[in-house]
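Here is a friendly walk through one model, feature by feature. Have a look at the sequence and structure first, and then read on.

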Amino acid sequence: MSESDALDAALRLVRAQTALVRRFDARLGGLHGVSLADFTLLLRLGQAPGGRMRRVDLAEALGLTASGVTRGLAPLERIGLVTRESDARDARVAYASLTGTGRERLKEMLATAEETAADIFSGPAWSEQDIALLSGLLTRLGGRGLTG
């Protein structure tokens, strides 16, 4: 493969990612008032034991900086989906925790995200094998799914 072929593949992936983000943002924003970035943050919290994670661990799981997580959590805290908790034994440690409202709204958002993904990969253009192959290739590039 030539360098220009590799660059072309990388740029196609970037364009595809941008298109996917737009679709998810439109659906999640229109129905739930959140972005795809907000949803992925809430989803990761929802998968954590007790719906709670140390902010530094959340940052690592999402591939963000600590300040990026803080910026992402702030609007979610303002609308009551997430709360900030201190560690009783170590005041330097901060947790992000889903609220009851956050858990309920996350269930609704997850249904919307699943419908959106199903719409994207529906039709004759995408077989189950195609989706599995794409998922495997993205994993090789460092992409993580729901449980990764």
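## An aromatic pair

Phe-121 has a relative accessible area of 25%, so this residue is partly exposed; buried means under 20%, exposed over 50%, and partly exposed in between, with a 1.4 Å probe and protein chains only. Trp-126 is partly exposed too, at 32%.

The structure holds one aromatic pair. Its members are Phe-121 and Trp-126, edge-to-face because their ring centres are 4.8 Å apart and their planes stand at 90°. Rings of Phe, Tyr and Trp (its six-membered ring) pair if their centres lie within 6.5 Å, with planes under 30 degrees apart called stacked, over 60 edge-to-face and the rest tilted.

## How to read the model

This is a predicted model, in which local features need pLDDT of at least 70 and side-chain atom pairs count only at pLDDT 80 or more, while totals for chains, interfaces and linings use all residues. Residues are numbered from 1 along each chain as its sequence is written, and side-chain values use heavy atoms, leaving out hydrogens and water.

## The sheet

Three strands make an open antiparallel sheet, ordered S1-S3-S2. At the edges are S1 (52-54) and S2 (82-86), each pairing on one side only. From one strand to the next, the twist averages 25°. Strands (E, at least two residues) and helices (H or I, at least four) are DSSP runs numbered from the N terminus, and two strands pair if DSSP finds at least two bridges between them.

S2 pairs with S3 (residues 94-98) over five bridges, in the antiparallel sense. Which residue in S3 is the bridge partner of Val-82? That partner is Leu-98. Elsewhere, the charged end of Arg-52 sits over the ring of Tyr-95, 3.7 Å from the ring centre; the criterion is NZ of Lys or CZ of Arg within 6 Å of the centre and within 35 degrees of the ring normal.

## Helices

Helix H3 (residues 55-62) lies across S1, S2 and S3, at about 90° to S1. Axes are lines fitted to C-alpha atoms, for helices over the stretch in contact, with angles from 0 to 180 degrees between N-to-C directions. The axes of H3 and H4 (residues 66-78) come within 9 Å and cross at roughly 105°. H3 is therefore roughly perpendicular to H4 (65 to 115 degrees; under 35 is roughly parallel, over 145 roughly antiparallel, the rest oblique). Arg-55, Leu-58 and Ala-59 of H3 meet several H4 residues, including Val-69 and Leu-73, where contact means heavy atoms within 4.5 Å.

Ala-26 belongs to helix H1 (residues 3-32) and counts as exposed at 53% relative accessibility.
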